[in-house]
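Let's take a walk through this protein together, one stop at a time. Keep the picture beside you as you read.

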Amino acid sequence: MAILTASHLKKYYGKDESLVKALDDVNVSIEEGQFAAVIGTSGSGKSTLLNMLGGLDVPTSGSVQIEGNKLEEMSEEQLTVFRRKRIGFIFQNYNLIPYLTAYENIVLPVRLDGKKEDKKFLKEIVNFLELDGKLSNYPSHLSGGQQQRVAIARALITKPALLLCDEPTGNLDSRTSDKVIDLLKMTSEKFHQTIVMITHNPEIAQKADRRIRIEDGRIQSDETVYETDSRVTA
Ligand code: ADP
Ligand code: MG
């Protein structure tokens, strides 16, 4: 089942001679549980696409549906609430709040919703992301990899329909980067979490089970890797 569908998505910036067609008729559906990578060179429209899919910016035309909800039909207020509840965002710069501890950062989306976090689930994700012992640290007292793992925990705490990641390893060294990508892959498997991840790095894209290549605001190719069952049955 498609959890996300974008139809005839266009995003133009500027006008007349300075018109930039950042997205030019993009059509894409993401299946539930899929770990999809969006790849392409700098300026190809990757971030613009992610911002449209996550309702962070408004398309020039076209439609985005998440779990059957059309983002373009929501008021700004409805969209804010929908994003907080149903979409998890992960950015290159972690975007943690510096004056909150790791724990306070992680539970923030739940608290903003006026709720208390599910303690058991919190423990599960903290353990899974190997953040035990780090929860009282402020972001400035965490390594880049730890900060990104806190950001992943914060994105997962609401059990979102969709995790959107824009160059999540862009600021990390290659070893830490591998670890974060492996964690995202494991997240997709363990929690059946749908993930759309932007990367310009082909090696990182290789870990995803689908690769959508975008060039000049258009989808150039789209390949899904199906797991083959290698067991031999007698
Ligand atoms: P990518 O993430 O693949 O590097 P972007 O989506 O950021 O690409 O940008 C796609 C194109 O749109 C680029 O030509 C970029 O300069 C342009 N662009 C992006 N954001 C804006 C903006 N806010 N105003 C004007 N042009 C923009
Ligand atoms: Mg970008």
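Asp216 counts as exposed, because its relative accessibility is 63% and the cut-off for exposed is over 50%. You can find Asp216 in the loop that links β9 (210-215) to β10 (218-224). Its backbone has a feature to look for: phi is near 50°, a positive value in a residue that is not glycine. Please keep in mind that this is a predicted model, so every value here is computed from it.

Now move to another loop, the one between β4 (61-66) and β5 (69-70), where Glu67 is found. Here too is a residue other than glycine with a positive phi, near 50°. Is Glu67 buried, exposed or partly exposed? With a relative accessible area of 36%, Glu67 is partly exposed, because that value falls between the cut-offs of 20% and 50%.

Let's go inside. In soluble globular proteins, nonpolar side chains tend to be buried together. In this model, the largest nonpolar core has 37 residues, and those with the most contacts inside it are Ile106, Leu163, Leu184 and Met197. Several elements give two or more residues to this core, including β3 (35-39), α3 (102-112), β7 (162-166), α6 (174-190) and β8 (195-199). Which element gives the largest share? That is α5, with 6 residues. Apart from this core lies another, made of 29 residues, among them Ile3, Leu9, Val28 and Leu49.

Leaving aside residues up to four places away in sequence, Met197 touches Phe35, Ala36, Ala37, Val38, Cys165, Pro168, Ile181, Leu184 and Ile204. One of these partners, Leu184, is itself listed with Met197 among the residues with the most contacts inside the core.

Next, find Phe128 in helix α4. Phe128 counts as buried because its relative accessibility is 12%, and the limit for buried is under 20%. Not counting residues up to four places away in sequence, Phe128 touches Leu183, Met186, Thr187, Lys190 and Phe191. Phe128 and Arg149 are 21 residues apart in sequence, and their C-alpha atoms are 9.9 Å apart in space.

Gln193 lies in the loop between α6 and β8, and is buried, with a relative accessible area of 5%. What does the side chain of Gln193 reach at 3.2 Å? It reaches the backbone oxygen of Pro160.

Our last stop is ligand 1. Around this ligand are Tyr13, Val20, Ala22, Thr41, Ser42, Gly43, Ser44, Gly45, Lys46, Ser47 and Thr48. By class, this shell has 3 nonpolar, 7 polar and 1 charged residues. The largest share of the shell, 3 residues, comes from α1.

Look at the oxygen atoms of ligand 1. One is 2.5 Å from an N or O atom in the side chain of Thr48. The backbone takes part as well: a backbone N or O atom of Ser47 lies 2.9 Å from an oxygen atom of the ligand, and for Ser44 the distance from a backbone N or O atom to a ligand oxygen atom is 3.2 Å. Taken alone, ligand 1 exposes 560 Å², and the protein buries 56% of that. Both β2 (20-31) and α1 (46-53) give two or more residues to the shell around ligand 1.

Note on methods: Residues are numbered from 1 along each chain as its sequence is written. Chains are lettered from A and ligands numbered from 1 in the order in which they are written. This is a predicted model: local features need pLDDT of at least 70, side-chain atom pairs count only at pLDDT 80 or more; totals for chains, interfaces and linings use all residues. Side-chain values use heavy atoms; hydrogens and water are left out. A nonpolar core is a set of buried Ala, Val, Leu, Ile, Met, Phe, Trp, Tyr and Cys residues joined through side-chain atoms within 4.5 Å. Buried means under 20% relative accessible area, exposed over 50%, partly exposed in between (1.4 Å probe, protein chains only). Helices (H or I, at least four residues) and strands (E, at least two) are DSSP runs, numbered from the N terminus. Contact means heavy atoms within 4.5 Å. A residue is near a molecule or strand if one of its heavy atoms lies within 4 Å of it. A polar contact is a pair of N or O atoms within 3.5 Å; within protein, one must be able to donate a hydrogen and the other to accept it, and residues adjacent in sequence count only if both atoms are side-chain atoms. Accessible areas come from the Shrake-Rupley method with a 1.4 Å probe; for residues, only the protein chains shown count as cover. Ala, Val, Leu, Ile, Met, Phe, Trp, Tyr, Cys and Pro count as nonpolar, Asp, Glu, Lys and Arg as charged, and the others, Gly among them, as polar.
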